[in-house]
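Please keep the sequence and the structure in view while reading.

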Amino acid sequence: MNLGLLLGASLDFWGVAAQASLLIVGFVMLIKGADWFVDGASMIARKFGIPQIVIGLTIVAFGTSAPEAAISITSAVKGSAGLAIGNILGSNIMNIFLILGLCALFTPLAVQKNTLYIEIPFVVVISSALMIMGVIGNQLGWIDGLILWLFFIAFFVYLIILSKKDKNAMPELQESNSGEEKEEEKAQKKGVEIAKMLGKLAVGIALVVLGSQAVVNGAKTIASGFGMSESLIGLTIVAFGTSLPELVTSLTAARKGEADLAIGNIVGSNIFNILFVLGTSSLISAIAYDSNWITGFMIDNIMAIVAAVVLFLCILLTKDKKLKRAGGITMLVLYAGYFAWIVAKDFIW
């Protein structure tokens with residue numbers, strides 16, 4: 001009897017270990033696939049004379065949020081609402097509280113006026129709209145997806161207008177495109193053919209798709225193996241994995257003294273996650289939204305709103321309009337409290 005229990009526990013352990021390995025492999029495939037997708041698509045786009053601003057606002061923007069998109073869309077199709085919504089809310093909270101909090105410890109983070117007074121408040125608006133739509137219908141259906149996409153189109157138009165008014169409005173895109181232009185020039189000199197570009201694009205897409213499948217399957221198995229809910233897995237492990245590109249980009253920018261890029265990267269990613277990722281996911285398949293205050297997404301959605309408000313206040317209340325170390329510590333403490341809450345409530349309730 002005891003031997004049987006021991007063997008069963010051993011099998012469970014190795015089964016969960018295998019799924020954890022699958023989860024890690026899936027994250028690697030997602031991140032590498034997103035990089036290759038952006039490289040291949042950008043080269044092809046410029047090869048056909050597509051404007052740089054369009055490339056930056058579409059292909060590059062999609063590439064940075066490809067992990068979240070792949071996970072949430074795959075989860076929505078498979079009926080895993082906990083992963084689909086938990087991944088986005090968890091990523092957005094983590095992006096602000098954890099990533100920007102860590103960045104602020106290295107150096108004060110400057111922010112542009114349009115980011116402070118337009119884009120950060122816009123995150124509050126769309127996060128609130130997400131919660132209202134979820135509570136009203138107890139799900140995100142195609143109508144909600146359409147509304148989110150209309151918001152996304154409006155934001156896209158705003159960015160284009162902003163870029164035309166001030167070419168320095170989005171230095172992160174200009175720097176990226178400048179680097180890509182050099183890469184493209186080198187590629188053209190070496191005679192890189194369209195077929196190779198298409199091959200890189202195809203492999204990137206394949207890695208993103210396969211990686212998302214691995215992450216979703218691995219996360220679901222681990223959740224059931226440890227008695228954890230899908231929402232907890234989505235809010236923590238999956239959210240952290242899909243936020244790795246933002247983490248690396250923002251920390252690198254902060255350490256190199258390009259502090260203004262860190263906040264712009266995070267705010268843009270959060271907007272894209274809600275409007276494009278959840279908008280597209282709900283257009284493909286209705287996503288159940290559990291509005292229960294304890295077991296559902298209400299607290300998490302509210303925290304996503306609070307995170308944006310705290311970021312806004314931490315910058316606004318400084319004389320030079322920067323996110324400083326005190327603000328970073330405040331956000332890290334808030335994230336620690338939130339993390340303790342989601343873990344505790346998952347096992348208690």
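Lys 321 is partly exposed, with a relative accessible area of 28%; the term covers values between buried (under 20%) and exposed (over 50%), found with a 1.4 Å probe and protein chains only. Lys 321 is not a glycine, yet its phi is positive, at about 55 degrees. Lys 321 belongs to the loop between helix H12 (298–316) and strand E4 (322–323). Helices (H or I, at least four residues) and strands (E, at least two) are DSSP runs numbered from the N terminus.

Asn 138 also has a positive phi, near 55 degrees, in a residue other than glycine. The loop that holds Asn 138 runs between helix H5 (113–137) and strand E2 (139–140). With a relative accessible area of 45%, Asn 138 is partly exposed.

## Basis of the values

The model is predicted: local features need pLDDT of at least 70 and side-chain atom pairs count only at pLDDT 80 or more, while totals for chains, interfaces and linings use all residues. Residues are numbered from 1 along each chain as its sequence is written, and side-chain values use heavy atoms, with hydrogens and water left out.

## The salt bridge

How many salt bridges does a search of the whole structure find? The search finds 1, a salt bridge being a side-chain nitrogen of Lys or Arg within 4 Å of a carboxyl oxygen of Asp or Glu. Asp 320 and Lys 324 meet in a salt bridge through their side chains, at 3.2 Å from N to O. Asp 320 is partly exposed at 38% relative accessibility, and Lys 324 is partly exposed at 34%.

## Aromatic pairs

The structure holds 11 aromatic pairs. Rings of Phe, Tyr and Trp (its six-membered ring) pair if their centres lie within 6.5 Å; planes under 30 degrees apart are stacked, over 60 edge-to-face, and the rest tilted. One of the pairs is formed by Phe 152 and Phe 276, which is tilted, with 5.8 Å centre to centre and 50 degrees between the planes. Because Phe 152 lies in helix H6 and Phe 276 in helix H11 (residues 259–284), this pair ties together parts that are 124 residues apart in sequence. Phe 152 is buried at 11% relative accessible area, and Phe 276 is buried at 13%.

The rings of Tyr 289 and Phe 297 have centres 5.9 Å apart and planes at 50 degrees, so this pair is tilted. Tyr 289 is buried at 2% relative accessibility, as is Phe 297 at 5%. Ring pairs also link Phe 122, Phe 151, Phe 155 and Tyr 158 into a cluster.
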